[in-house]
Structure formats: structure tokens, C-alpha cells
Amino acid sequence: MTQSINMAQKKDRITREEALSFLLTYIVVEQNHQLVLDQLALFNLTNLALRAVEEMADSEGIIPHEAIESLAKEYLDAL
């Protein structure tokens, strides 16, 4: 089981932490959105970052920053 987890981690083009960092940068800096990071917001953004990593792992042709920007726009539209 540990081997399958390690294989999955190697397949990821970026980590969840990198995706979260890019997501926060995009929302706060590029979109100039004031973000209050309470527990629920951080949970939702972490899940969004994980979703971005999974989408990139499932599709090799997807460009990481475009996938994350698309998910960030969905997140902001839902606020």
C-alpha cells in the first residue's frame, strides 16, 4: 500500500502545497481579492488545491497554472 502511495506522489506534477501557494497568490495578488483565512476557508482552499493536483495527474496535457486559475475563478464566483 505504501508503494502505491509513493507511486501516486511521484506522478503528481506539483504538490498540494505548491498548488495551494499558487492558488493563494492568484486570488490575493493577481485578482486583488481580500481573503480571510478562517478554518473553513483554509479547508476549502486546501481541497481546491488537492483537486487541481488530481486534475493535473489525470490529464498530462493540462497546464498547471491554467488549471489552478480556472478552479480559483470558480471559487471566487461562488463567494
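**Ground rules.** I number residues from 1 along each chain as its sequence is written, and I leave out hydrogens and water, since side-chain values use heavy atoms. In this predicted model, local features need pLDDT of at least 70 and side-chain atom pairs count only at pLDDT 80 or more, while totals for chains, interfaces and linings use all residues.

**Asn32.** I found Asn32 in the loop between helix H2 (16-30) and helix H3 (39-58). Helices here are DSSP runs of H or I with at least four residues, numbered from the N terminus. I noted a positive phi of about 55° for Asn32, which is not a glycine. Asn32 counts as exposed because its relative accessibility is 68%; exposed means over 50% relative accessible area, with a 1.4 Å probe and protein chains only.

**Leu76.** I looked up Leu76 in helix H4 (residues 64-78). Leaving aside residues up to four places away in sequence, Leu76 touches Ile27, Gln31 and His33; contact means heavy atoms within 4.5 Å. Leu76 and His33 are 43 residues apart in sequence, and their C-alpha atoms are 8.6 Å apart in space.

**H3 and H4.** I then checked which residues meet between these helices: in H3 they include Leu45, Leu48 and Arg51, and in H4 they include Ile68, Leu71 and Tyr75. The residues of this contact divide into 11 nonpolar, one polar and three charged. In this grouping, Ala, Val, Leu, Ile, Met, Phe, Trp, Tyr, Cys and Pro count as nonpolar, Asp, Glu, Lys and Arg as charged, and the others, Gly among them, as polar.

Note on methods
Helices (H or I, at least four residues) and strands (E, at least two) are DSSP runs, numbered from the N terminus. Buried means under 20% relative accessible area, exposed over 50%, partly exposed in between (1.4 Å probe, protein chains only).
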